[in-house]
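Here is a friendly briefing on one protein chain. Take a moment with the sequence and the 3D view, then follow the topics below.

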Amino acid sequence: MATPPDIVAQSDIWFEDGNVILVAGGVAFKVHRGQLERHSEIFRDLFSLPQPVDQPTYQGFPTVQLYDSPSDITFLLRALYDGLYFYKPYVNDWQAIEAVLRLSSKYFIEHLRHRCLSRLAVDWPLTLDKWEARERDALDDKGKYSPRELAPHPILVITLAREIDHLAFVLPSAFYDLSRYGPKKIVSGAVAPVPLTFDSPASSPTSSPTLPMPDSPILGGSKDPVHLSRQDAINVLAGREQGQRFMISFIEKSLVDPPISPRCLNQEFQSQACRAAFYFIMLNALRSINGIAFGRDADPLFTLNQTEDMLDRTDYADATDPKVLCSLNICAACKADFRTVIKTTRQDVWKSIPSWFGLPGYGELKKHMEDR
């Protein structure tokens with residue numbers, strides 16, 4: 001008889017009526033051959049082959065050695081038996097998504113693969129409207145921006161996308177998200193989730209996978225950070241610079257010498273009030289309008305949003321009496337025309353993101369996603 005595999009722990013995924021034992025990283029999982037065959041082409045083909053007479057066994061059941069992490073196998077089997085549900089965006093879903101997507105792609109388990117891809121399409125969208133919805137969801141009741149409570153660090157997403165080809169559609173959003181960090185944080189890497197651990201010896205009935213208490217938004221963290229490849233690091237820094245250059249061009253074109261509306265209501269006074277308002281907007285745009293305070297100093301879409309918001313604010317101190325709050329003295333016609341400029345510019349930013357970061361265009365990425 002062949003030597004049984006080295007087993008140091010039994011997972012809590014251990015069905016008494018199971019008929020096959022998967023072994024990964026020394027951890028045993030007693031499951032049902034029919035469940036694996038039903039959902040996976042790879043396992044279906046594997047079990048259709050004649051099995052050797054000296055096949056290794058454990059506790060009298062045939063074993064299948066898998067060369068995957070026991071943590072990933074745990075998440076995959078949980079999804080197969082219990083389902084995979086995402087009720088709302090939540091960062092702690094990432095470890096399950098990453099594991100299940102990786103192994104469902106490897107073992108051709110299509111319904112789980114599509115479930116993960118659909119969830120990632122929400123977190124890392126291809127359209128501006130969906131990106132704006134994601135950004136709104138990242139604001140709490142007090143207006144604090146906390147994207148890492150909803151979605152994982154973009155470095156983790158980019159790394160997985162480089163590993164799994166049909167995940168390329170997430171890259172424009174992920175690169176843009178990452179570019180909003182400072183250069184030091186970009187090159188410092190990201191903390192990855194701690195894999196599940198299996199503490200009980202194989203002699204005990206089952207070993208429940210455990211996690212350390214979390215000390216970061218994503219289930220604790222590994223000791224060694226995950227880093228971008230050299231080329232991806234170059235691309236994200238280059239894209240960050242392209243975004244800043246784009247904003248400089250926008251300020252020069254639309255604010256330094258603003259195109260006063262032909263319908264301006266202040267033309268009698270050479271539109272001085274509207275020009276003064278645009279000058280005030282320009283000064284704030286140059287310092288990214290709270291971008292630095294929010295950690296978003298290289299976020300053109302945020303800057304453009306804040307620029308438009310200035311048109312409606314009524315909390316500016318009056319020049320003659322600081323105790324009096326007022327709005328910008330800009331006429332309705334100039335305000336309407338400027339809103340159109342902002343809308344067009346935001347669309348231009350979104351269209352430019354793939355080229356900024358050396359990525360394929362949205363059309364190619366969308367087709368790639370539809371063919372997945």
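## A first pair of residues

Gln-10 stands opposite Ala-28 in strand 3. Strands here are DSSP runs of E with at least two residues, helices are DSSP runs of H or I with at least four, and both are numbered from the N terminus. This is a predicted model, in which local features need pLDDT of at least 70 and side-chain atom pairs count only at pLDDT 80 or more, while totals for chains, interfaces and linings use all residues. Residues are numbered from 1 along each chain as its sequence is written, and side-chain values use heavy atoms, with hydrogens and water left out.

**The chain as a whole**

- The protein chain has 14 helices and nine strands.
- Of its 372 residues, 49% count as buried; buried means under 20% relative accessible area, exposed means over 50%, and partly exposed lies in between (1.4 Å probe, protein chains only).
- The protein chain exposes about 19100 Å², and carbon and sulfur atoms supply 54% of that area. Accessible areas come from the Shrake-Rupley method with a 1.4 Å probe, and for residues only the protein chains shown count as cover.
- Among contacts with a separation of 6 or more in the protein chain, 68% are between residues 24 or more positions apart. A contact means heavy atoms within 4.5 Å.

- Five strands form an open sheet in the order 1-3-2-5-4, with mixed pairing. Its edge strands are strand 1 (9-14) and strand 4, each of which pairs on one side only.
- Strands of a sheet pair through backbone hydrogen bonds, either parallel or antiparallel. Here, two strands count as paired if DSSP finds at least two bridges between them.
- Strand 1 runs parallel to strand 3 (residues 27-31), and three bridges join them. Trp-14 has Lys-30 as its bridge partner in strand 3.
- Strand 2 (residues 20-24) and strand 5 (residues 61-66) are also parallel, with four bridges between them. In this pair, Ile-21 stands opposite Thr-63 in strand 5.
- Strand 4 (residues 57-58) is antiparallel to strand 5, and two bridges join them. Thr-57 has Pro-62 as its bridge partner in strand 5.
- Strand 4 and strand 5 make a hairpin with two residues between them, and Gln-59 in the turn has a positive phi of about 55°.

- Although strand 1 is an edge strand, five of its six residues are buried.
- Ile-13 lies in strand 1. Ile-13 counts as buried because its relative accessible area is 8%.
- Which residues touch Ile-13, leaving aside its neighbours within four places in sequence? They are Phe-29, Lys-30, Val-31, Thr-74, Leu-77 and Arg-78.
- Leu-77 is 64 residues away from Ile-13 along the chain, but their C-alpha atoms are separated by 7.7 Å.

**Ser-173 in helix 8**

- You can find Ser-173 in helix 8 (residues 171-179).
- Is Ser-173 buried or exposed? With a relative accessible area of 0%, Ser-173 is buried.
- Leaving aside neighbours within four places in sequence, Ser-173 is in contact with Trp-124, Pro-125, Trp-131 and Trp-350.
- The side chain of Ser-173 also reaches the backbone oxygen of Pro-125 at 2.5 Å.

- Tyr-181 is found in the loop between helix 8 and helix 9 (183-188).
- Tyr-181 has 18% relative accessibility, so it counts as buried.
- A polar contact of 2.9 Å joins the side chains of Tyr-181 and Arg-148. A polar contact is a pair of N or O atoms within 3.5 Å; within protein, one must be able to donate a hydrogen and the other to accept it, and residues adjacent in sequence count only if both atoms are side-chain atoms.
- Beyond its neighbours within four places in sequence, Tyr-181 is in contact with Arg-148, His-153, Pro-154, Ile-186 and Arg-240.
- Tyr-181 and Leu-237 are 56 residues apart in sequence, and 9.9 Å apart in space from C-alpha to C-alpha.

**Leu-286 at the surface**

- Leu-286 has its place in helix 11 (residues 272-286).
- Leu-286 counts as exposed because its relative accessibility is 55%.
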